[in-house]
Amino acid sequence: MSFSVTHPSLRQKWIAGTLVILYALLTILPLLWIIATGFKSPSDAIAYPPKVVFDPTLEGYVNLFTTRTRMTPEALEEAGPPQTWYDQIVRQYDMVISGPSRYGERFLNSVIIGFGSTFLSVFLGTLAAYGFSRFKVPLKDDLMFFILSTRMMPPIAVAIPIFLMFRQLGLSDTHLGMILLYTAVNLSLSVWLLKGFIDEIPVEYEEAALIDGYTRFQAFYKVVLPQAATGIASTAIFCLIFSWNEYAFAVLLTSGTAQTAPPFIPTIIGVGKDWPAVAAGTTLFLVPVMVFTILLRKHLLRGITFGAVRK
Amino acid sequence: MHSRHLLTAGACALLMSGLASQAKAEDLTLCWASWDPANALVELSKDFEAQSGHNMSFEFVPWPNFADRMLNELNSGGKLCDLMIGDSQWIGGSAENGHYVKLNDFFDAEGIKMDDFIDATVTGYSEWPKNSPNYWALPAFGDVVGWTYRKDWFERPELRAEFKEKYGRDLGVPETFAELKDIAEFFQEREIDGKTVYGASIYTERGSEGITMGAMDVLYSFGFLYENPDQPYDMEGFVNSEGAVAGLEYYKELYDCCTPPGSSNGYMSEGIDAFKSGQVALQMNFAFTWPGFESDANVGHGKTGYFVNPKGPNGDQFAQLGGQGISVVSYSDKKDAALEYIKWFAQPEVQAKWWEMGGFSCLKAVTLSPEFPESQPYAQTFLDSMAVVKDFWAEPSYATLLQDTQRRFHDYVVAGNGTAQEALDGLVRDWTETFEDDGKL
Amino acid sequence: MTDETTVRDSATARAPHARGFRGLSDRMVGWTFIAPSIILLLAINIFPLIWTIRLSLTNYRANRTAAEVKSVGLRNYERILTDPDIWNAMQATAHFVFWTLFLQVLIGFTLAYLINKKFRGNDLWTTIIVLPMMLSPAVVGNFWTFLYQPQIGLFNYFVGFLTGADPSSFSMIGDTALAPWAIVIVDTWMWTPFVMLICLAGLRSIPESIYEAAECDRASKWRQFWTITIPMALPFLMLAVLFRGIENFKMFDLVVQLTGGGPGSITELTSINLKREAFEKWRTGYASAYAVILFVTVFGLASIYVKALNKVKER
């Protein structure tokens with residue numbers, strides 16, 4: 001027979017490859033469309049039939065980062081000629097830039113809350129994972145299951161008491177509140193992933209260190225941590241991506257000061273259906289994750305299936 | 001000696017004034033919806049900044065998220081907003097739960113009189129309980145649902161002739177809702193200048209308050225009442241009266257026959273888009289959208305006409321109130337500066353400028369001035385509409401009442417489930433349950 | 001897998017003999033490592049859960065702080081279980097969960113099977129397929145409403161191109177018949193890669209020697225597929241179903257942005273329904289009872305499923 005499951009023939013590879021590539025192209029089409037729409041003019045964006053070839057413009061990005069006011073011709077006259085290229089773009093609609101938009105702040109909030117909660121959840125997660133991995137902890141299995149089960153609650157269900165708690169403690173719409181919350185949500189993933197990584201480090205290393213006169217904490221710090229570095233890094237990426245993408249808590253618990261980008265981006269559209277600005281905001285928010293994914297694919301793909309495949 | 005005293009006194013005065021102005025220069029945040037009037041307010045507020053030395057920041061949220069996010073902010077006791085231009089229906093909850101500062105003493109001290117503002121706006125935006133002299137806001141932006149139409153199309157002789165032949169009357173501003181539907185049907189899927197156009201754009205939005213505002217705007221004139229005028233919260237036979245059922249059926253017919261494709265979830269901004277792009281002949285929308293049409297390249301400069309909500313089958317004529325009052329948030333640390341802003345905003349000169357810039361002032365000195373009706377093509381329509389307004393519940397449970405309405409109306413009108421009678425019967429049940437929970441029944 | 005278990009066991013078995021830390025017993029050291037995490041989880045997960053249960057027995061409303069809070073016993077639960085709206089939401093959720101799982105398993109497994117043919121460049125294409133699941137569902141969902149626009153939307157254009165239908169004649173998120181499928185399509189687009197990756201791990205875990213033995217026995221390829229590939233990959237598939245099932249039962253962000261639960265309440269999944277009760281109507285007590293019911297449902301279904309899964313694994 002010409003085929004074999006373990007060693008596919010060239011023809012089989014061809015067919016498989018073609019089908020997979022077709023699916024891949026179909027699946028990234030919406031993403032490419034987002035990126036392209038960001039560089040269209042508003043009228044090109046809603047053209048029928050949809051435009052594949054168009055004159056690229058930065059209008060969407062200018063609109064994303066600014067607020068604008070429409071002016072009467074007299075007022076425009078008074079304002080004088082446009083000073084910069086972005087003024088120029090806005091002027092074609094009889095508008096002037098009246099200030100920056102909120103997008104920059106919201107993006108920054110995403111960065112602060114994302115990195116803050118990632119650091120905390122990886123830090124706590126590493127400690128706990130080490131504890132579970134190396135010590136006899138009473139009710140270990142129950143505790144591990146308890147940690148996992150915290151993920152089963154629908155976020156909206158958890159949000160009700162969290163909302164009341166944050167109101168009581170003055171944590172509503174604060175960076176600290178969101179960091180603590182995301183840390184708690186990420187912790188289950190972080191403990192489970194890291195425990196797997198630490199389990200893989202032979203315990204003999206630490207024993208040798210302990211015999212050399214290291215304390216437990218020194219052994220953890222100087223021997224285990226460096227060994228687990230790759231695992232910690234890929235766990236961190238997962239936590240970061242979760243915090244970056246999270247919407248339900250953000251929309252319910254933040255309103256301005258600490259609002260992250262996901263609840264903000266859908267509101268960019270405003271009156272007048274400014275799809276290029278939405279696409280621009282979406283692109284800037286998604287592209288870092290896409291680049292990350294492609295660069296770090298080896299570690300990430302392993303991490304996704306990790307929890308599932310181990311147990 | 002003498003000169004030294006003087007000097008010290010001078011230094012003291014300098015220090016004092018420095019201290020005083022330092023204590024006063026605050027960073028105030030005003031929260032409102034993100035729409036054209038808000039941009040106008042930013043411009044207007046520059047005068048306040050110059051005069052008071054305070055610095056104004058703004059947090060504007062698009063309409064579909066506005067109530068959700070701002071009520072969330074108030075309910076969580078947030079300090080984001082010092083001043084809130086909140087929707088009229090929030091007043092009950094915000095008053096009872098202490099989100100807003102009560103303004104009676106302040107009004108008395110500053111000589112601001114509520115009699116100086118359009119009566120409907122005072123009741124609608126400021127009072128809680130309704131029709132009692134307890135004020136929680138200063139009427140800031142008057143608004144009401146009305147209609148715009150394509151005057152240029154209505155004036156085309158060939159269309160007028162065809163319309164006359166078909167309906168036996170002239171194509172013009174509809175007097176009744178029945179006439180309005182005829183006109184919408186007439187324009188539905190008609191070719192005008194090589195483009196397919198449609199009859200009317202109406203509110204159908206599900207998420208916030210759209211379809212309720214739109215359907216209620218029609219239901220009032222068909223005989224819908226929120227409650228028994230003699231017995232509060234008695235709704236059976238008023239909410240689901242024969243007239244109300246006919247009104248809701250009418251709204252569905254209008255939706256089915258005469259709206260552009262894909263208008264299953266449209267509110268103010270979708271209406272603006274549909275009208276400006278020349279897709280529809282008639283458009284239901286709040287008055288705030290009107291200044292934008294006047295200056296628009298496509299539909300401005302005389303191409304747009306305005307009319308008050310038409311009459312129902314029995315000749316009743318009402319319109320849905322919109323608009324907001326401006327309040328001081330009680331969680332703010334800068335209440336004094338915030339009050340200063342309201343004091344400034346209430347001045348007749350500021351209000352006059354507000355109207356000029358596209359803000360619908362509620363001050364009688366502005367709206368009742370002899371020049372007012374001529375000042376804008378829509379000014380008279382605005383005044384006439386404001387005279388016949390009704391508003392949704394402003395109870396503390398308004399959000400619950402509203403969400404139930406949204407669901408019932410959207411389920412019937414857009415999704416086509418059940419009958420109008422069932423929808424309104426269901427609404428009576430929902431509302432009764434809510435009032436029972438509140439201990440009002 | 002057995003190797004790892006031994007490593008772990010030896011670790012726990014031997015560690016206690018190691019030297020303690022400044023008089024602290026080893027157990028205490030272990031606890032100091034674990035305690036901060038447990039405390040945080042108690043504060044942000046368990047305490048709120050208990051609070052939710054307490055609230056669920058009252059008529060509390062979070063937007064009416066001044067009102068008196070009364071205990072209403074189990075009335076909230078009774079009302080929820082007899083409320084037809086909530087059964088609608090449950091049905092919408094069941095439809096969504098069933099069809100997304102069905103499509104994702106079907107497409108995900110097929111893709112994994114094809115990728116496992118190890119054609120050149122397969123890892124790059126795998127990465128591209130994985131991209132959607134790394135992105136923010138709310139942000140992507142928001143943009144999909146643009147792709148779903150009648151006439152101007154890319155999706156409608158694409159469907160029109162393939163079927164000859166007029167792209168302005170249907171609205172994926174506006175038509176009652178189409179909206180439930182609109183959310184299934186986007187979720188499938190986003191999460192098929194997840195199922196695919198787990199299936200891929202499953203396929204790769206099958207030792208080649210089994211196939212080689214089967215080939216010696218002249219078993220047909222079809223037979224090999226059904227007697228080796230499927231049974232060996234089944235535990236992985238079931239795990240993928242578990243994870244996606246739980247996630248989609250909780251689904252909120254993507255669907256809120258896509259349809260907001262509409263038209264009417266056709267796509268109002270339980271989470272969206274719950275959000276309306278809790279944060280729009282502000283019926284906190286009632287919504288808390290709702291939350292408890294949802295949690296018990298997920299937990300119950302998941303436990304039953306895990307039992308079944310373990311049986312399959314043992315076989």
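Biologist: How many residues of chain B are in contact with chain A, and how many of chain A with chain B?
Modeller: Keep in mind that this is a predicted model. Contact here calls for C-beta atoms within 7 Å. Counted that way, chain A brings 16 residues to the meeting with chain B, and chain B brings 19.

Biologist: Which helix of chain B supplies the largest share of the side that touches chain A?
Modeller: Helix 2, strand 2 (55–61), helix 3 and helix 12 (268–276) of chain B each put in at least two residues. By class, this side of chain B has 6 nonpolar, 8 polar and 5 charged residues. The largest share is 4 residues, and they come from helix 3 of chain B.

Biologist: And over between chains A and C, which helix of chain A gives the largest share of the side touching chain C?
Modeller: There, 91 residues of chain A are in contact with 88 residues of chain C. The chain A side splits into 68 nonpolar, 15 polar and 8 charged residues. With 15 residues, the largest share belongs to helix 1 (residues 10–38) of chain A.

Biologist: Staying with chain A, how far apart are the end C-alpha atoms of residues 14–36?
Modeller: The unreviewed UniProt entry lists residues 14–36 of chain A as a "transmembrane region", and residues 178–198 are also among those it lists. In the model, residues 178–198 of chain A are 100% helix, with end C-alpha atoms 28 Å apart. Residues 14–36 of chain A are 100% helix too, and their end C-alpha atoms lie 31 Å apart.

Biologist: Back to chain B: why can we call it as compact as a globular protein of that length?
Modeller: Chain B has 20 helices and 10 strands. For its 441 residues the globule rule gives 22 Å, and chain B comes close to that, so it is as compact as a globular protein of that length: its radius of gyration is 24 Å.

Biologist: How far apart are the centres of the two domains of chain B?
Modeller: Domain 1 of chain B covers 27–143 + 322–390, while domain 2 covers 145–320 + 395–437. They touch through 26 residues from domain 1 and 27 residues from domain 2. Taken over C-alpha atoms, the centres are separated by 27 Å.

Biologist: Now strand 3 of chain B: which residue stands opposite Ile85(B) in strand 9?
Modeller: Strand 3 (residues 83–87) of chain B has 5 of its 5 residues buried. Strand 1 (residues 27–33) of chain B runs parallel to strand 3, joined by 2 bridges, and there Cys31(B) has Met84(B) as its bridge partner. Strand 9 (residues 319–328) of chain B runs antiparallel to strand 3, with 5 bridges. In strand 9, the residue opposite Ile85(B) is Ile326(B).

Key:
Residues numbered from 1 in each chain as written. Chains lettered and ligands numbered in written order. Predicted model: local features only at pLDDT ≥ 70, side-chain atom pairs only at ≥ 80, totals over all residues. Rg over C-alpha atoms; globule rule 2.2 N^0.38 Å. Contact = placed C-beta atoms within 7 Å. Nonpolar A, V, L, I, M, F, W, Y, C, P; charged D, E, K, R; others polar. Domains from an automatic or database assignment. Buried ≥ 20, exposed ≤ 12 C-beta atoms within 10 Å, placed from the backbone. Pairing = 2+ DSSP bridges. UniProt positions renumbered as here; feature names shortened; annotations may be inferred.
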